[in-house]
Amino acid sequence: AKPDCGVGELADWLDMDISTATRVLRPLRAEGYVTIRPSATDARRREVRLTAKGRRTLSKARPLWQRAQSEVIGELGERRWESLLTLLRAIA
C-alpha cells in the first residue's frame, strides 16, 4: 500500500524490532517477492517494495486468507472473535 515503506516503518507497523523484520524479509527477498534497496533520499534508510511476483502472489493469497478468516469467525462467532482479538492485542 505504501511504495516507499522503510524497513523501520514496516517493523513498527508489524510491532517488531528492525532486526526481526529484516530476518523475516530475508526469505521473501530470496524468493523474489520483495526487493530491499537504499532510499533515493536517505542513504541510511532501506525501502521494501513488492515485486511483480509478490503482487501476483498477494492477490492470489488475499481471498484465501479472507475465506479462512471468515471460517474461523463462523466457528467462533463474532463476539468470541472480537474477544480473541482483544486478548491477542493485550499480549502483543
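Reply: The radius of gyration is taken over C-alpha atoms, and the globule rule is 2.2 Å times the number of residues to the power 0.38. For 92 residues, a compact globule would have a radius of gyration near 12 Å, whereas the protein chain has 16 Å. Along its principal axes, the C-alpha trace spans about 50 × 30 × 20 Å. This is a predicted model, in which local features need pLDDT of at least 70 and side-chain atom pairs count only at pLDDT 80 or more, while totals for chains, interfaces and linings use all residues. Residues are numbered from 1 along each chain as its sequence is written, and side-chain values use heavy atoms, with hydrogens and water left out.

Me: What makes up the order of elements in the protein chain?

Reply: Helices (H or I, at least four residues) and strands (E, at least two) are DSSP runs, numbered from the N terminus. The protein chain has four helices and three strands, in the order β-α-α-β-β-α-α from the N terminus. Strand E3 covers residues 46-50 and includes glutamate 47.

Me: Why does glutamate 47 count as buried?

Reply: Buried means under 20% relative accessible area, exposed over 50% and partly exposed in between, with a 1.4 Å probe and protein chains only. Glutamate 47 has 7% relative accessibility and therefore counts as buried. Of the 92 residues of the protein chain, 17% count as buried.

Me: Which residues are in contact with glutamate 47, leaving aside its neighbours within four places in sequence?

Reply: Contact means heavy atoms within 4.5 Å. With those neighbours left aside, glutamate 47 is in contact with Asp4, Cys5, Gly6, Thr35, Ile36, Arg37 and Ser39.
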